[in-house]
Amino acid sequence: MTAGSDLGILKEKLAGTRSLTVLTGAGISADSGVPTFRGADGLWRNFRAEDLATPEAFARDPHVVWEWYNWRRELLAAKRPNPAHDALVELERRVPSFWLITQNVDGLHRAAGSRRLSEIHGNIWMVRCTVCGTVEENRDVPIAIPPACGRCGGLLRPHIVWFGESLFADDMARCAAALRDCEVLLVIGTSGVVYPAAGFASVAKEAGAFVADINLEPTPQSSLVDLSLQGRAKDILPLLL
Ligand code: BV8
Ligand code: ZN
């Protein structure tokens, strides 16, 4: 676990700040038992992302892509938010201007009670029609393959941003403002290799924010942050309140 003095510094920063932006990745859900993407047991170790999380893969074989998402939905259905998710709900309550940016598609921040958030890579419990564009919640486990749109009968896809796809424009505008205007940016449990999120720490830093990260290990962004806390998100975040 990390040095006590650094914890104290960040705790003080958070207590005094009027605007806080938080960026999370798979590491915050690891403490709920959700596999990360690039760790030892990461999802991308056993499956090739380019085979499954791309529009080309879905066009080639929607059945295989949906089977992979069904497997993940089944795995996620039993998972619950952990003390790290809960701590962010409390920070949202305390800090006047708060925005949470998550790369996670698992929906655990929402389940914990976070409301001021952008799920920039989408949400695994939402589906989108490939024909009419309707977006709706679908919590079926498993989902019937191939899933059909209730409105037009078109093929449904996960409402998730795949590699090579643009992020949702509304989210990007909201996140750009949150990164530009925050006094403190907290980066939690992300390997910092997937863009555009991988660039968010430097955007906030250049705009004058104090940037801190919480991770089990250093990341490509660690050298630019003001303070790094090493350890599990679920152990560290509750100590910052
Ligand atoms: C875009 C959704 C414009 C699927 C995901 C070259 C070729 C092609 C494309 C590119 C290229 N170079 C750059 C790109 C762009 C590409 C990209 O960045 N690629 C990278 C990989 C090189 N990005 C895009 O394509 C994005 N779109 O840029 O649009 C555009 C348009 C057209 C053409 C070009 C550009 C879209 C990105 C969409 C990403 N979607 N998946 C699904 O989930 O089903 S990415 C996937 O990675 C997940 O969503 C995940 O959220 C995301 C990030 O991963 P992390 O969350 O960081 O997880 P990871 O496992 O890596 O790390 C976990 C961390 O936690 C570790 O550091 C670990 O130490 C730590 N940790 C573990 N346990 C704990 C912990 N920390 C604290 N406590 C613990 N207990
Ligand atoms: Zn439709």
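## Salt bridges between the domains

Between domain 1 and domain 2, the count of salt bridges is zero. This is a predicted model. A search of the whole structure, by contrast, finds nine salt bridges.

Polar contact does occur across the interface of domain 1 and domain 2. The rule finds four residue pairs there, both residues of each pair at pLDDT 80 or more. On the side of domain 1 that touches domain 2, helix α2 (residues 26–30) gives the most, with three residues. That side of domain 1 divides into seven nonpolar, six polar and three charged residues.

## Domain layout and buried area

Domain 1 takes in 4–33, 81–121 and 167–239. Domain 2 is made up of 35–78 and 122–160. Taken over C-alpha atoms, the centres of the two domains are 26 Å apart.

At the interface, 16 residues of domain 1 are in contact with 13 residues of domain 2. The size of an interface is often given as the accessible area lost when the parts come together. For domain 1 and domain 2, the buried area is about 1000 Å². Carbon and sulfur atoms give 60% of this area.

## Salt bridges over sequence distance

R232 and D31 meet through their side chains in a salt bridge, at 3.4 Å from N to O. R232 lies in the loop between β9 (227–230) and α11 (233–236), and D31 in the loop between α2 and α3 (43–46), so the pair ties together parts that are 201 residues apart in sequence. The two partners fall into separate accessibility classes. D31 is buried, because its relative accessibility of 17% is under the 20% limit. R232, at 41%, is partly exposed.

D226 and K205 form another salt bridge, with an N to O distance of 2.7 Å. This pair also links distant parts of the chain: D226 sits in the loop between β8 and β9, K205 in helix α10, 21 residues apart. D226 has a relative accessibility of 38% and counts as partly exposed. K205 is partly exposed too, at 30%.

## A local pair and a network

K234 and D235 also form a salt bridge. Their closest N and O atoms are 3.4 Å apart. K234 has a relative accessible area of 30%, so K234 is classed as partly exposed. D235, with 34%, is partly exposed as well. Elsewhere, E90, R93 and R94 are joined into one network by salt bridges that share partners.

## Two buried threonines

Where is T190 placed? T190 is in the loop between β7 (184–188) and α10 (200–206). T190 is buried, because its relative accessible area is 11%. The T190 side chain reaches the backbone nitrogen of G192 at 3.3 Å. Leaving out residues up to four places away in sequence, T190 touches L23, G25, Q103, N215 and T219.

T134 is in the loop between β4 (122–129) and β5 (135–137). With a relative accessible area of 15%, T134 is buried. Residues up to four places away in sequence set aside, T134 touches V127, R128, C129 and R151.

## Two exposed positions

Is G208 buried or exposed? G208 counts as exposed, because its relative accessibility is 59%. This glycine is found in the loop between α10 and β8 (210–215). G208 and R180 are 28 residues apart along the chain, and their C-alpha atoms are separated by 8.2 Å.

A59 is found in helix α5 (residues 55–60). A59 is exposed, at 65% relative accessibility. The C-alpha atoms of A59 and D181 are separated by 40 Å. Along the chain, A59 and D181 are 122 residues apart.

Terms used:
Residues numbered from 1 in each chain as written. Chains lettered and ligands numbered in written order. Predicted model: local features only at pLDDT ≥ 70, side-chain atom pairs only at ≥ 80, totals over all residues. Heavy atoms only, no water. Domains from an automatic or database assignment. Contact = heavy atoms within 4.5 Å. Buried area = accessible area lost by both parts, 1.4 Å probe. Salt bridge = Lys/Arg side-chain N within 4 Å of Asp/Glu carboxyl O. Polar contact = N/O pair within 3.5 Å; in protein donor to acceptor, adjacent residues only side chain to side chain. Helix = DSSP H or I, 4+ residues; strand = E, 2+ residues; numbered from the N terminus. Nonpolar A, V, L, I, M, F, W, Y, C, P; charged D, E, K, R; others polar. Buried < 20%, exposed > 50% of the residue type's maximum accessible area, 1.4 Å probe, protein only.
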